[in-house]
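Visitor: I would like to learn how to read a few features of a protein model. Could we take them one at a time?

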Amino acid sequence: MIFGKHINKYYIKYFLFFFFGLVALLAVNWFQLEIPRICGEILDGIADEAVGNPDSLFNNPSGIQRLMIELAGIAAIMFIGRFMWRYCIFGVAVRIESDIRYDMFSHSLQLSNAYYKHHKTGALMALFTNDLQVIRQAFGSGTVMAIDALFLGGFALFKMFRLNWILTCFSIIPMILIAIVTGIVGKILKEKFRERQEAYEALSDFSQENFSGIAVVKAFVKEVHEIRHFDKINEENRVKNINYVKYSTLLNVFLTAIISFIIALLFGGGSYFVIHGFMGETFTVGEMWEFIGYFDSVVWPFMAIAQLINMRSQAKASLARVEEFLDEKIDIIDTDVKDIEEISGKIEFRNLNFCYPDGSNQVLSNISFTIPNGKMVGIIGKTGCGKTTIVDLLLRTYNLDDQQIFIDDKDIMHIPFRKVRESIGYVPQDNFLFSDTISNNIAFAYESLDEESIVSAAKLADVHQNIVEFQDKYDTILGERGVTLSGGQKQRVSIARAIVKNPPILIFDDSVSAVDTKTEENILSNLRSLREGKTTIMIAHRISTVKNLDMIVVLDEGSVVGIGSHEELLKTCAIYKEMVHLQSLEAEINGGDA
């Protein structure tokens, strides 16, 4: 059993499971200690029969019958009790693991992009798998071990003390040594387990990156290099695991040696008392056997103490990591917001300045321009000039100061961020697609969507013909991150996903860079007819993407250096004119159009 601010609530939530499980476990603990007593009576009966005692148990059929009925009853109680406590305690452990995983996943969806820039996927997966598994074991096996150590051990010691307090004292003295050693080793185990988990994180993260980037590894013929790197990380993981197992094994060996020594001591002392008597009274063979049976029941609690310390050390380390994740601050929250019924699409940037939370350099400086409702606007500039940052701020993935971005003349920081995101369709640069059917990827914004709408969106994105060429058409299952499709196909499926949402504001972040000029023209033509009266923002590097839009904004080093139509910018913006000239030369060299 472990406790923490994020898990204590589950003891209340699943109180009845814990209660009935503990009652069943205590019943089993109590009744199983009746077995040594019954076996002792039978053994004494055999001894009496051997010496011809007329009061022997075997001369009293009703006595034998009574013991057999008792044994049968105890067996039935233990069978039902063990089923009950395993169902309740182990079952609730799985439920708690599921609840914590749900809380973690829900929390992960609320964390900002800044968090994921500093935490690798492999490390997060270790939290959701290994660490939660350890916590589940602490709730399940850990609870059983704690109860057995406390109650089964306590009941057995009580019965042992009543039979022979001298032998019981000889049994208790080594327990003090066990408690001291296990306490010291437990602290070492906790640290070793933490190191083992960190090594597993590194191994998991390296493997995940290589699986995702296998095409790049093969393209650059880096298989041998990656194998060597993996071997190094794998060896580190092996060493950390062995170091942990060494201390765990040493603890178990120590406990086994102590327990073996105590059993030998009890046989010797018990035999002495059988021969010479105990405190002036006889100490029968049956009583010695009963005593050994009680001690045998104490052995598991002894072992459980060591395993419990071991398990608690692991669980506390895992819980600390899980709680650190759950305590991670949620940056993007609504403060002093006023809900609005509908967003039409007017966007205004008013003296916008921004730098990322982990950086000191200003990414955007004094950005000011207005996108009228229903216009198609292009944002163009060199790599790193701040185009994508503007999109991130429009989507409220970062916080910013008040009075800098307005949607429909309302400060974006005072509009519920979910309302903002629901009103925006977004086609990102990386065109992330899920390992699902093409149909479900296009309909991602909806719980369910009719096939006609999906096909229509695919046609507008000029990807329908490619999809129907697949054997399963729209039911084709995509590989991880959409690896089944080419770069251009992934872009167009992403565009279809945004188009089918048909939001008031639609943003394309360099989303047609992987398609040819003709396909680009088809998509832009379809968008112009589809998006009439709705705001569309096209972020691009190619002049061909933006030259026919209503307005073009030119960025350079985080600042606006030009605003206007294609013709106006050719006359007023030197940077834009240079970009047009360079891309025209490139097109001539490649035999195409600018």
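**Charges, rings and a sheet**

Guide: Start with a charge over a ring: arginine 196 lies over the face of tyrosine 244, 4.6 Å from the ring centre. The model is a predicted one.

Visitor: Which residue lies over the face of phenylalanine 406?

Guide: That is arginine 350, at 4.0 Å from the ring centre.

Visitor: How is a pair of aromatic rings described?

Guide: Two values are used, the distance of the centres and the angle of the planes. Here the count is 18 aromatic pairs. One of them joins tyrosine 14 and phenylalanine 17, with 6.2 Å centre to centre and 70° between the planes.

Visitor: Why is that pair called edge-to-face?

Guide: Because planes over 60 degrees apart count as edge-to-face, and these planes have 70° between them.

Visitor: Is tyrosine 14 buried or exposed?

Guide: Tyrosine 14 has a relative accessible area of 9%, and under 20% means buried. Phenylalanine 17, at 24%, is partly exposed. Ring pairs also link Tyr11, Phe18 and Phe139 into a cluster.

Visitor: In what order do the strands of the open sheet come?

Guide: The order of the six strands is 6-7-8-3-9-10, with mixed pairing. Strand 6 (424-427) and strand 10 (559-564) are at the edges; each has a single partner strand, so one side of each lacks a neighbour in the sheet. From one strand to the next, the twist averages 15°.

Visitor: How many bridges join strand 3 to strand 8?

Guide: Five, between residues 376-381 and residues 535-540, and the two strands run parallel. Valine 377, for instance, has isoleucine 537 in strand 8 as its bridge partner.

Note on methods: Residues numbered from 1 in each chain as written. Predicted model: local features only at pLDDT ≥ 70, side-chain atom pairs only at ≥ 80, totals over all residues. Heavy atoms only, no water. Pairing = 2+ DSSP bridges. Helix = DSSP H or I, 4+ residues; strand = E, 2+ residues; numbered from the N terminus. Axes fitted to C-alpha atoms, helices over the stretch in contact; angles between N-to-C directions. Phe/Tyr/Trp six-rings, centres within 6.5 Å; stacked < 30°, edge-to-face > 60°. Buried < 20%, exposed > 50% of the residue type's maximum accessible area, 1.4 Å probe, protein only. Lys NZ or Arg CZ within 6 Å of the ring centre and 35° of its normal.
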